[in-house]
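Please look over the structure shown here. A short report goes with it.

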Amino acid sequence: MLVKSVKFFLLLALFFNTTMVSATDYDEDVLEIFSKLLPRFVIMSDQKFKIKDQINICVLHEDIEKGTASSLIDKIIRNYPRGIKNYNVKLTQTDFTNLSTCNNSELLFLFNSSEKNINETLLYAKKQKKLTVSYDASLLTNGVEVSLFLGRKILPYINVSALKQNSIMVDPILLRISKIYMQTDK
């Protein structure tokens with residue numbers, strides 16, 4: 001009986017440690033960089049023409065990443081307390097099952113999720129003509145338009161093919177300072 005109890009305890013500990021590890025996969029410094037760039041990505045794309053009085057950014061996450069998503073939102077608020085270029089910044093936080101919450105957003109920021117959730121979100125973004133940015137650069141392969149290239153320099157990482165497919169234009173200056181994603185970058 002004692003052996004079964006110990007095995008059960010170890011399985012529980014392993015489960016909770018795995019859960020905690022996946023919740024901490026996000027680097028606070030990288031989140032800080034994203035917090036400074038997300039409103040600028042809207043301003044440097046044709047999404048700026050959709051703005052009425054505020055920039056709307058929707059942060060999509062899994063339930064386990066709710067705290068990380070809140071941290072990103074807090075960083076954006078701290079970096080843009082009065083907005084940017086006379087626009088307030090409005091932030092919406094939701095999970096991948098509530099995409100309609102993002103209807104008024106110009107930009108969707110994606111944390112990691114299942115392939116199904118990512119693909120459904122990208123289909124939604126394409127239909128709604130919304131710019132997508134992901135924490136994980138590997139999602140550029142799925143059709144996300146922007147991420148970050150973390151190398152010797154940290155640069156915006158742009159999937160030009162996805163931008164064209166989704167009829168989204170970005171400022172040439174943004175293209176010049178970015179690393180361009182190629183299918184061979186997988």
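## The model

This is a predicted model: local features need pLDDT of at least 70, side-chain atom pairs count only at pLDDT 80 or more, and totals for chains, interfaces and linings use all residues. Residues are numbered from 1 along each chain as its sequence is written, and side-chain values use heavy atoms, with hydrogens and water left out.

Helices (H or I, at least four residues) and strands (E, at least two) are DSSP runs, numbered from the N terminus.

## Aromatic rings

The structure holds eight aromatic pairs. Rings of Phe, Tyr and Trp (its six-membered ring) pair if their centres lie within 6.5 Å; planes under 30 degrees apart count as stacked, over 60 as edge-to-face and the rest as tilted. Tyr26 and Phe111 form an edge-to-face pair, with ring centres 4.8 Å apart and planes at 80°. Tyr26 lies in the loop between α1 (2-23) and α2 (28-43), and Phe111 in the loop between β3 (107-110) and α4 (115-128), so this pair ties together parts 85 residues apart in sequence.

Tyr26 also pairs with Tyr135, edge-to-face, with centres 4.6 Å apart and planes at 80°. Tyr135 lies in the loop between β4 (131-134) and β5 (146-150), so this pair ties together parts 109 residues apart in sequence. Tyr26 counts as buried at 8% relative accessibility. Tyr135 is buried at 15%. Buried means under 20% relative accessible area, exposed over 50%, and partly exposed in between (1.4 Å probe, protein chains only). Tyr26, Phe34, Phe109, Phe111 and Tyr135 form one aromatic cluster.

## Nonpolar cores

A nonpolar core is a set of buried Ala, Val, Leu, Ile, Met, Phe, Trp, Tyr and Cys residues joined through side-chain atoms within 4.5 Å. The largest has 33 residues. Phe34, Leu38, Leu72, Leu107, Phe109 and Phe111 have the most contacts inside it. Two or more residues each come from α2, β1 (54-61), α3, β2 (88-95), β3, β4 and β5. Helix α2 gives the most, with seven residues.

Another core, of 16 residues, lies apart from this one; among its members are Cys102, Leu110, Leu139 and Leu140.

## Helix α3

Helix α3 (residues 66-79) has 14 residues. From first C-alpha to last, α3 reaches 20 Å, close to the 20 Å expected at 1.5 Å a residue. That expected span is 1.5 Å times one less than the number of residues. The buried residues of α3 are Thr68, Ala69, Ser71, Leu72, Ile73, Lys75 and Ile76.
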